[in-house]
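Student: I have a sequence and a structure to read, and I would like to go through them with you. Could we start once they are on the screen?

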Amino acid sequence: MEIRQLRESDAESVIEVARLSWEWTYQSIYSHEFIESWIREKYAKHAISDQITRSASGQNGIFLGAFQNNKLIGFIHAVVNDFETEIARLYFLPGFTRRGFGSELLRTAEEILRSRGLRRVRLYVQKQNNIGIVFYQKHGYSDAGYCDDDIEMVKTFQDRRGI
Ligand SMILES: CC(C)(COP(=O)(O)OP(=O)(O)OC[C@H]1O[C@@H](n2cnc3c(N)ncnc32)[C@H](O)[C@@H]1OP(=O)(O)O)[C@@H](O)C(=O)NCCC(=O)NCCS
């Protein structure tokens with residue numbers, strides 16, 4: 001697997017990975033119609049292209065893709081602003097899960113965030129997404145409470161001396 005910064009030309013692949021991953025992950029939680037409308041709204045091509053461009057110029061966190069044989073198989077998007085750092089999206093194609101790729105992509109993103117001096121990361125996982133919850137717990141994220149249908153999880157990076 002190769003990990004690299006996404007390019008604007010990857011936007012349609014990001015949308016396709018998101019759509020297939022959402023269908024796989026949330027099929028017993030949300031209706032097909034809800035998933036389609038969410039993808040249309042939150043993954044509009046102009047918005048994804050803009051987020052990719054801003055991340056590439058270091059303005060809006062990081063937006064990395066995981067590729068196999070030049071095909072996008074997963075992505076991670078972390079949003080950084082003055083107040084907080086949030087892992088907003090981490091999605092893999094269903095056929096490429098449980099091979100350690102998600103762990104590798106998350107670790108890569110965390111290293112970049114750490115190298116920028118960021119210490120605390122939050123994220124939200126749908127409360128019925130047991131695979132996602134266990135995955136993040138395994139990576140050191142702790143439950144910080146409920147927020148509507150989501151569980152909020154946080155992780156504080158130790159500095160290099162373990163403090
Ligand atoms: C969550 C996700 C990113 C994890 O990536 P992955 O490549 O599948 O995970 P890894 O192979 O690195 O697995 C790490 C650990 O996560 C847990 N895990 C991953 N997939 C799992 C599955 N299908 N069933 C149960 N546990 C699973 C396991 O604890 C696993 O460790 P193990 O294999 O040693 O038991 C991926 O499954 C995915 O894209 N899921 C759909 C989208 C999603 O839920 N994203 C997170 C919320 S935004």
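Student: Which residues does Tyr43 touch, not counting residues up to four places away in sequence?
Tutor: This is a predicted model, where local features need pLDDT of at least 70 and side-chain atom pairs count only at pLDDT 80 or more, while totals for chains, interfaces and linings use all residues. Residues are numbered from 1 along each chain as its sequence is written, and side-chain values use heavy atoms, with hydrogens and water left out. Contact means heavy atoms within 4.5 Å. With residues up to four places away in sequence not counted, Tyr43 touches Val14, Ile15, Ala18, Trp22, Trp38, Ile48, Phe75, Arg89 and Tyr91.

Student: Which members of the largest nonpolar core touch the most other members?
Tutor: A nonpolar core is a set of buried Ala, Val, Leu, Ile, Met, Phe, Trp, Tyr and Cys residues joined through side-chain atoms within 4.5 Å. Buried means under 20% relative accessible area, exposed over 50%, and partly exposed in between, with a 1.4 Å probe and protein chains only. The core has 45 residues, and those that touch the most other members are Tyr43, Phe75, Ile87 and Tyr136.

Student: Which helix gives the most residues to this core?
Tutor: Helices (H or I, at least four residues) and strands (E, at least two) are DSSP runs, numbered from the N terminus. With 7 residues, the element that gives the most to this core is helix 1.

Student: How is helix 1 oriented relative to helix 3?
Tutor: Axes are lines fitted to C-alpha atoms, for helices over the stretch in contact, and angles run from 0 to 180 degrees between N-to-C directions. Angles under 35 degrees count as roughly parallel, over 145 as roughly antiparallel, 65 to 115 as roughly perpendicular and the rest as oblique. Helix 1 (residues 11-26) and helix 3 (residues 45-56) pack at about 115°, with axes 9 Å apart. Therefore helix 1 is, relative to helix 3, roughly perpendicular.

Student: What about helix 2: how is helix 1 oriented relative to it?
Tutor: The axes of helix 1 and helix 2 (residues 32-42) come within 10 Å and cross at roughly 150°. So helix 1 is, relative to helix 2, roughly antiparallel.

Student: Which residues of helix 2 does helix 1 meet?
Tutor: Helix 1 contributes Ile15, Ala18, Arg19, Trp22, Glu23 and Tyr26 to this contact. Their partners in helix 2 are His32, Phe34, Ile35, Glu36, Trp38 and Ile39.

Student: Is Ser21 buried or exposed?
Tutor: Ser21 is in helix 1, and leaving aside its neighbours within four places in sequence, Ser21 is in contact with Tyr91, Phe92 and Pro94. Its relative accessible area is 2%, so Ser21 is buried.

Student: And is Gln27 buried or exposed?
Tutor: Gln27 lies in the loop between helix 1 and helix 2. Not counting residues up to four places away in sequence, Gln27 touches Trp22 and Ile35. Its relative accessible area is 55%, so Gln27 is exposed.

Student: What is the phi of Arg98?
Tutor: Most residues other than glycine have a negative phi. Arg98 is found in the loop between strand 4 (85-92) and helix 4 (101-115). Arg98 is not a glycine, although its phi is positive, at about 60°.
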